[in-house]
Amino acid sequence: QLSCLVKMVTLHGIPKDLDSYPKELLLFLSPSDYAATGSCVQYFATVGKANVDVLQKESPQRQQLLLEALACLKVPDMEINEENAEILGRLVCDLGGEYIRSSGGNLLKHLSQCESFLPDQEEAIRSVISSGNTTFGPPEEWSAFTLNELTGLIPVFDHSILQKIPK
């Protein structure tokens with residue numbers, strides 16, 4: 001339906017009021033299509049707020065969106081800083097384990113919004129959390145507030161992490 005709607009909306013070019021349409025519509029446009037109404041950073045900040053799960057995980061469209069986002073943000077050495085994580089929003093759910101490891105704790109809060117993870121992502125999340133080198137500190141120092149912030153990641157925690165969290 002969204003794909004069809006994009007064709008109808010863009011029949012006579014990109015409308016100036018594109019931002020008034022559902023954010024998910026942008027998933028079916030390219031950043032260059034959007035360029036007439038704003039920058040690629042603006043485009044990906046809006047896409048990051050959309051429900052990216054309308055596109056199947058690991059689909060070529062989602063992978064292409066992520067590649068274009070990383071190119072737009074000029075991400076160096078697979079390290080995503082807090083500002084770029086904010087812009088990527090839900091697109092962080094598609095970052096591979098190497099990005100998660102390189103970015104340390106910058107992605108944890110954003111990753112907790114993801115529906116599911118691939119095995120290499122889970123392993124990377126556990127590695128980052130176990131290191132204790134995040135804004136949340138080591139699991140031994142976590143509070144109920146910390147667990148609340150990381151709720152979506154709890155299913156990824158293994159026994160070695162869970163046993164360190166204070167009761």
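**Salt bridges around Asp53**

A: In this predicted model, Asp53 and Arg62 join their side chains in a salt bridge, 3.0 Å from N to O. The two partners sit in different surroundings by class. Asp53 is partly exposed, because its relative accessibility is 34%, between the 20% and 50% cut-offs. Arg62 is buried, because its 2% falls under 20%.

Asp53 also meets the side chain of Arg90 in a salt bridge, with N to O at 2.9 Å. This pair links distant parts of the chain, 37 residues apart. Arg90 lies in the loop between α5 (82-88) and α6 (97-103), and Asp53 in the loop between α3 and α4. Arg90 counts as buried, at 16% relative accessibility.

These contacts belong to a wider set. Salt bridges with shared partners join Asp53, Lys57, Arg62, Arg90 and Asp94 into one network. The structure holds 7 salt bridges.

Ser59 lies in the loop between α3 (40-49) and α4 (60-72). Ser59 is buried, with a relative accessible area of 10%. A polar atom of its side chain lies 2.9 Å from the backbone oxygen of Gln56.

Another salt bridge brings together the side chains of Arg101 and Glu123, at 3.4 Å from N to O. This pair, too, links distant parts of the chain: Arg101 is in helix α6, Glu123 in helix α8 (residues 119-131), 22 residues apart. Arg101 is partly exposed at 38%, and Glu123 is partly exposed at 48%.

Key
Residues are numbered from 1 along each chain as its sequence is written. This is a predicted model: local features need pLDDT of at least 70, side-chain atom pairs count only at pLDDT 80 or more; totals for chains, interfaces and linings use all residues. Side-chain values use heavy atoms; hydrogens and water are left out. Helices (H or I, at least four residues) and strands (E, at least two) are DSSP runs, numbered from the N terminus. Buried means under 20% relative accessible area, exposed over 50%, partly exposed in between (1.4 Å probe, protein chains only). A polar contact is a pair of N or O atoms within 3.5 Å; within protein, one must be able to donate a hydrogen and the other to accept it, and residues adjacent in sequence count only if both atoms are side-chain atoms. A salt bridge is a side-chain nitrogen of Lys or Arg within 4 Å of a carboxyl oxygen of Asp or Glu.
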